[in-house]
Amino acid sequence: MSDSYDYSAIEQKWQSVWSKNNSFSVETDSSRPKYYLLEMFPYPSGNIHMGHVRNYTIGDAIARQKTMAGFNVLHPIGWDSFGLPAENAAIANKSHPADWTVANINRMREQFKSLGFSYDWSREIATSHPGYYKWTQWIFARMFDEGLAYQKRTYVNWCDDCSTVLANEQVIDGACWRCDNAVIKQERDGWFLKITDYAEELLEGVKELRGKWPDRVLTMQENWIGKSLGAEVTFTVEGFDSLTIFTTRPDTLYGATFMALAPEHANAKKLAKGTDQEDAVNRFIDEVTKEERPRGEVIEKRGVFTGRYAVNPLNGESIPIWIANFVLIEYGSGAIMSVPAHDQRDFEFARKYDIPIRQVISSEDGPDEAPEEAYSGDGLMINSGPFTGLHNRREGIRKVVDHLKEKDIGCGTINYRLRDWGISRQRYWGAPIPIIHCDSCGPVRVPDNDLPIKLPTDIEFRGSVSGLAEIDSFSDANCPKCGGNGKRETDTMDTFMCSSWYFIRYASARLNTEVAAKGDIDYWAPVDQYVGGIEHAILHLLYARFFMRFLKKIDAVPVNEPFTSLLTQGMVIKDGAKMSKSKGNVVDPDDLITKHGADATRLFILFAAPPERDLDWDDSGIEGASRFIGRLYRFINFRLVAIQNGVTAPPVKNLPKELADVRRLTHKTIDKVNTDFTRFQFNTAIAAIMELLNGLGAAFPSKEEKEYDEVTSAVLKEAVTTLITLLNPIAPHVTEELWDKIGGEGDLAERKWPDAEKELLQDDEIVLVVQVNGKLRSRITVPASISKDGTENAALADERIVEFIGAKQIRKVIVVPGRLVNVVIQTS
């Protein structure tokens, strides 16, 4: 019998079978329990990398095991195919981004198939296909109908390198999330979605996800939403309209000695107009809005006086209004009352610009006459008019807020750090925004029956910007309301619009009349298990939760949360750094598959580390995985006739000890692997399977058919079929091949997942530790069912214990059943 395992031929054989038979296609079937497994879909960059391999191998192992466990498993794949890289590549190569994207999808599809992933390819989607983005446009249109989508002129995050606007969530430490270049502020018209209307819902929804999503992800979302309890207070301004500020510390109102506005505040320039400070303010604002200003980063405090004063509504004091670079337009109203005695940023600013510092909260040690830093703790209110003497936290805040409300100068309120989502992008390769601008009617949404608004294909890509505004045939349109001349919106949508609902489309991927058929989405939603990187904790995952809640409100989906459970896998590390082309530490998956095969690649990826941890690449690891598969193949191949002749294994009570031990090892392995799959601990599951193969090698060393009688063959067959069944979700090709060789009926992938027989999880015999005066002196093997008295007698009869005790008096014997015996003897 040949011991050669031709992984290339075997893997191609089974991939061909799966493709021909549509093995992983599923249908809505309310008579069966469903399981929706989804990995975050990839951007079609042209070649998969090891991060892709890890993410999708994890998901595939879960999907395959759930199928064998009896679930109707939906495991689809698609492509997040709009985006700037395709457009930039088109400009560089003088091609069209659609051509570049399709070529990349075709390439990556073949790579995915070469790894044996169990996708339902009949549901494949691409967000750049008109049949998909029709429904992205429809969702935008419904949001427009509901007042959630609106246009405004405001300061936005602008990336010069990408020539486009970025959402707040796409600015990481002051840099573009995509190209890592500095982001500046620029005033532009843009479309926004009122995600802030869902802030409280999204925050409350976090509670439902506790224990199902990683705590780190939920904490990141909570912090990004940023709920703050406080008060809105109205300050009148001399010679100007009033200004409203938000503060979490109304107890410090008497300590406000200046007001500060963000440079992007709508009134920043207006306040200075007509004053001696007008030129200085304009220069400062222009300068600061062009700077890189990382959110929350400590920066040098700088500002400029506007020339105007606000009136503190509690004490009537006039305080100067400044424009300051440390005030963020994203927080509250973009205007703050500044209390330098009790806020460190305000303290540093006041010291720099010689602004008074007035303490209004006293520590236990009393007020500091010459403070070197702000006091942010609690204490008694001082210098606070009628509130002096109150404890600020226990009663002061409440009484000040009540007073503000009574005098109609403020009220208690809730503020969120979350800002509305800016979705306008000034690039071509994205979903067109379905709006027509009419001089008479204003912005009018395109009717449903005119969707999709398709991207024009007759466009040349040159230079650095390739927007739609230059294409008259696209931008000229009639107003849907009045029929007059209008202009289409020429911004396209942020690609996160497309990825915020794609998991819904898989339920009815080819349906032309609605986002998803009610029967399909009611059956499949929500996704039971979502797999992807933690880098999407705020962007994609928060947006998807927002979309799902909106779609639930318009009765398009049945549930509020898109993903029941979330698994965030770690990165693939090599030479101490994340794999990347720039670091020269990339391992090409194609090379691995060519050299070792898909199964060995999958096995190593799942064995090297638990999914949630980073994986340190080790070339010897993939070689070890390859050797294991070869050893398994040879073990079964050389015992094929014995395995094929096997029947049902008899009860252990009818077996000799060595065969009974094999049956117990087999079922202990089933139990271990079941537990580990439940926790997605594939590395320890694989270790248990490897131990089972080692045990079989020791129990069945012979390759001679004559050495295997009916009983031995039966025990061997049970063990082998169990092993390859347990390994199938991890290494599907070799296990299908071995299943076919041993005469298994049907596809192994559809075989029932095994359950352990509980009685076989207990050993006939157990090993107990025997101590004398608490120190280990011997070990004894006894029947598992032995009584306490029997355990004591066996311990005292052990030769080593008898020798050690000698003539010394035994004071007592302590028996811990199933674990140890401690003999206490007289020491003197």
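A: Contact here means heavy atoms within 4.5 Å. The model is a predicted one. With that cut-off in mind, we may turn to a pair of helices.

Q: Which residues of α19 meet which residues of α22?
A: On the α19 side, Phe628, Arg631, Leu632 and Phe635 take part, and they meet Ile689, Met690, Leu693, Asn694, Leu696 and Gly697 of α22. Sorted by class, the residues of this contact of α19 with α22 comprise seven nonpolar, two polar and one charged.

Q: What orientation do α6 and α7 have to each other?
A: For helix α6 (residues 199–209) and helix α7 (residues 215–225), the packing angle is about 160°, with the axes 10 Å apart. Helices α6 and α7 are therefore roughly antiparallel to each other. The crossing of α6 past α7 is left-handed. From α6, the residues Ala199, Leu202, Leu203, Val206 and Leu209 meet Leu218, Glu222 and Ile225 of α7. The contact of α6 with α7 has seven nonpolar residues, no polar ones and one charged.

Q: In what order do the three strands of the open sheet lie?
A: The order is β29-β28-β30, and the pairing in this open sheet is mixed. The edge strands, β29 (577–578) and β30 (615–616), each pair on one side only. Strand β28 (residues 572–574) runs parallel to β30 and is joined to β30 by two bridges. Opposite Leu615 in β30 stands Val572.

Q: Which backbone features deserve a second look in a model of this kind?
A: Most residues other than glycine have a negative phi, and most peptide bonds are trans.

Q: Which residues flank the cis peptide bonds?
A: Pro452 belongs to the loop between β22 and α12. Another cis bond leads from Ala525 to Pro526, with omega near -5°. Pro526 is placed in the loop between α15 (518–524) and β26 (527–533).

Q: What is the phi of Asn383, and where is this residue found?
A: Asn383, although not a glycine, has a positive phi of about 50°. Asn383 sits in the loop between β17 (380–381) and α11 (392–406). With a relative accessible area of 48%, Asn383 is partly exposed.

Q: Is Asp408 buried or exposed?
A: Asp408 counts as exposed because its relative accessibility is 70%. The phi of Asp408 is also positive, near 60°, in a residue other than glycine. Asp408 lies in the loop between α11 and β18 (410–416).

Q: Finally, which residues does Thr457 contact beyond its sequence neighbours?
A: Apart from neighbours within four places in sequence, Thr457 is in contact with His96 and Tyr428. His96 and Thr457 are 361 residues apart along the chain, while their C-alpha atoms are separated by 8.1 Å. Thr457 is found in the loop between β22 (442–445) and α12 (472–475). Thr457 counts as exposed, at 62% relative accessibility.

Technical notes:
Residues are numbered from 1 along each chain as its sequence is written. This is a predicted model: local features need pLDDT of at least 70, side-chain atom pairs count only at pLDDT 80 or more; totals for chains, interfaces and linings use all residues. Side-chain values use heavy atoms; hydrogens and water are left out. Axes are lines fitted to C-alpha atoms, for helices over the stretch in contact, and angles run from 0 to 180 degrees between N-to-C directions. Helices (H or I, at least four residues) and strands (E, at least two) are DSSP runs, numbered from the N terminus. Angles under 35 degrees count as roughly parallel, over 145 as roughly antiparallel, 65 to 115 as roughly perpendicular and the rest as oblique. A crossing is left-handed if the near helix is turned anticlockwise from the far one by less than a right angle, and right-handed if clockwise. Ala, Val, Leu, Ile, Met, Phe, Trp, Tyr, Cys and Pro count as nonpolar, Asp, Glu, Lys and Arg as charged, and the others, Gly among them, as polar. Two strands pair if DSSP finds at least two bridges between them. Buried means under 20% relative accessible area, exposed over 50%, partly exposed in between (1.4 Å probe, protein chains only).
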